[in-house]
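Visitor: I'm new to this one. Can you walk me through it?
Guide: Here it is.
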Amino acid sequence: MDLRWSDAEVVFRDDARDWLHAELATWRADHGGAEAIPSGDTRSGFAIHLDWERRLFENRWAVVSWPKAYGGREASLWEWLLFEQEYYAAGCPPRVTQNGIFLLAPSLFAFANDTQRDHILPRMAAGTDTWCQGWSEPNAGSDLASLTTRATRTDGGWVLNGQKTWTTRGAFSTHLFGLFRSDPDAERHRGLTYLLVPLDTPGVTVRGFGRLDGDEGFAEVFFEDAFLADDALPGGVTLGEPGEGWKVAMSTTSSERGLTLRSPGRFLATAERLIAAWQALPDGVRAERAALGERITEAWMRAEAYQLQTLQTVTTTVEGGSVGAESSLVKLWWSELDIELHECAMDLLGTGALFEGAWTKGLQFSLSGPIYAGTNEVQRNVVAERVLGLPRAGR
Ligand SMILES: Cc1cc2nc3c(=O)[nH]c(=O)nc-3n(C[C@H](O)[C@H](O)[C@H](O)COP(=O)(O)OP(=O)(O)OC[C@H]3O[C@@H](n4cnc5c(N)ncnc54)[C@H](O)[C@@H]3O)c2cc1C
């Protein structure tokens with residue numbers, strides 16, 4: 001195995017690094033400086049972060065691995081990984097377009113028709129249209145197949161009724177990709193349809209609500225006899241065949257848990273910041289706190305291990321393989337690692353960390369990692385049954 005980057009990859013990485021550092025400074029200055037920029041999970045912050053997305057897009061850094069026709073650079077997956085690493089190492093902000101470009105887009109590449117792709121992908125990459133994920137409902141989370149929001153076929157479209165919840169950035173998004181029950185009589189995994197819904201469709205009401213950290217990061221979305229016309233989007237509003245939404249949804253979740261949503265660059269950058277904070281302590285204090293030093297080293301090693309494991313995943317993908325149920329192991333790894341990195345920072349910096357907004361915000365968000373993208377308890381069931389081949393619980 002050769003873990004060295006090629007000359008072309010090094011050039012790509014250095015270009016990305018130079019551009020990101022320079023443009024990040026400009027963007028921050030244009031919006032009053034880093035401290036003045038609100039979180040992308042607030043209305044005002046979202047608009048400012050869309051300006052960042054626009055800059056990425058105009059310079060072809062928004063979706064590096066996509067075809068050039070959609071605003072990408074046709075970068076390899078290896079280059080995409082390098083870009084991600086540089087992105088987080090530079091301290092660039094969370095991507096407010098992530099649910100579109102990292103979750104929906106891979107499913108569009110797999111299941112959409114050409115007209116859908118040609119219309120949706122460039123607008124998504126530019127941040128012109130922003131997509132949220134409408135899957136969870138008040139009574140359907142882990143057991144997603146129990147969802148009850150209805151899509152009833154009618155002349156020229158679908159009539160939608162029901163409610164979605166926990167819709168990340170739904171309050172600011174223009175479109176929703178959702179799972180709807182289109183055949184209540186079919187077996188529960190079969191009667192589902194994956195629909196692409198403009199949120200300004202009459203009968204759709206979006207109500208934002210706050211998270212524990214105070215940001216309006218979530219929305220509830222209500223459908224009351226909302227008529228979704230087949231031609232509401234060029235190429236149609238159904239992704240995959242009607243009734244086959246579960247198959248499309250499983251492809252989206254494998255992106256969510258596996259490769260695209262949380263690349264190692266994010267955790268490597270946090271680990272490096274943690275190491276820097278540790279090294280800034282006087283020698284005597286480090287000696288007194290050797291046990292914490294061990295934990296920090298361990299957390300850094302886990303971030304490095306995730307990077308190596310991802311190289312393995314990319315190799316498998318490039319060779320035509322797929323990740324499958326093992327993406328659950330990946331999700332367990334990064335979500336638990338994120339908490340440990342932030343808890344180490346809190347132990348290291350004590351109340352000082354509270355004044356460093358990035359650590360506090362990071363800790364708060366890390367605590368939701370074991371819940372979103374499928375809870376960790378459920379991922380452990382998947383690993384037990386589908387990776388290790390153990391019998392199902394209760395049998
Ligand atoms: C930050 C964040 C962002 C999110 N963004 C979105 C979004 O954009 N779109 C969207 O649709 N949803 C989103 N969600 C919702 C998320 O997908 C759900 O919260 C998650 O699927 C769990 O569902 P639930 O909250 O209904 O909990 P439940 O499914 O009711 O689970 C409650 C508890 O029971 C446990 N449990 C359930 N079933 C089992 C089982 N079979 N075995 C063992 N334990 C079990 C769970 O692990 C959990 O601890 C988000 C959630 C968070 C925290």
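Guide: What follows is about the ligand site and the domains.

Visitor: What kind of model is it?
Guide: This is a predicted model, in which local features need pLDDT of at least 70, side-chain atom pairs count only at pLDDT 80 or more, and totals for chains, interfaces and linings use all residues. Residues are numbered from 1 along each chain as its sequence is written, and side-chain values use heavy atoms, with hydrogens and water left out.

Visitor: How many residues surround the ligand?
Guide: 17 residues do, each with a heavy atom within 4 Å of the ligand. The closest are Gln133, Ser142, Thr168, Thr375 and Glu377.

Visitor: Which classes are in that shell?
Guide: Six nonpolar, ten polar and one charged. Ala, Val, Leu, Ile, Met, Phe, Trp, Tyr, Cys and Pro count as nonpolar, Asp, Glu, Lys and Arg as charged, and the others, Gly among them, as polar.

Visitor: Where is Glu377's side chain relative to the ligand?
Guide: An N or O atom of the Glu377 side chain is 2.6 Å from a ligand oxygen atom. For Asn381, a side-chain N or O atom is 2.9 Å from a ligand nitrogen atom.

Visitor: How much of the ligand does the protein cover?
Guide: 65% of the 970 Å² of accessible area that the ligand has on its own, by the Shrake-Rupley method with a 1.4 Å probe.

Visitor: Switching topic, what are the domains?
Guide: Domain 1 (7–126), domain 2 (131–245) and domain 3 (258–387), with bounds from an automatic or database domain assignment. The ligand shell draws at least three residues from each of domain 2 and domain 3.

Visitor: How many residues of domain 1 are in contact with domain 2?
Guide: 23 residues of domain 1 are in contact with 21 of domain 2, contact meaning heavy atoms within 4.5 Å. The C-alpha centres of these two domains lie 26 Å apart.

Notes
Polar contact = N/O pair within 3.5 Å; in protein donor to acceptor, adjacent residues only side chain to side chain.
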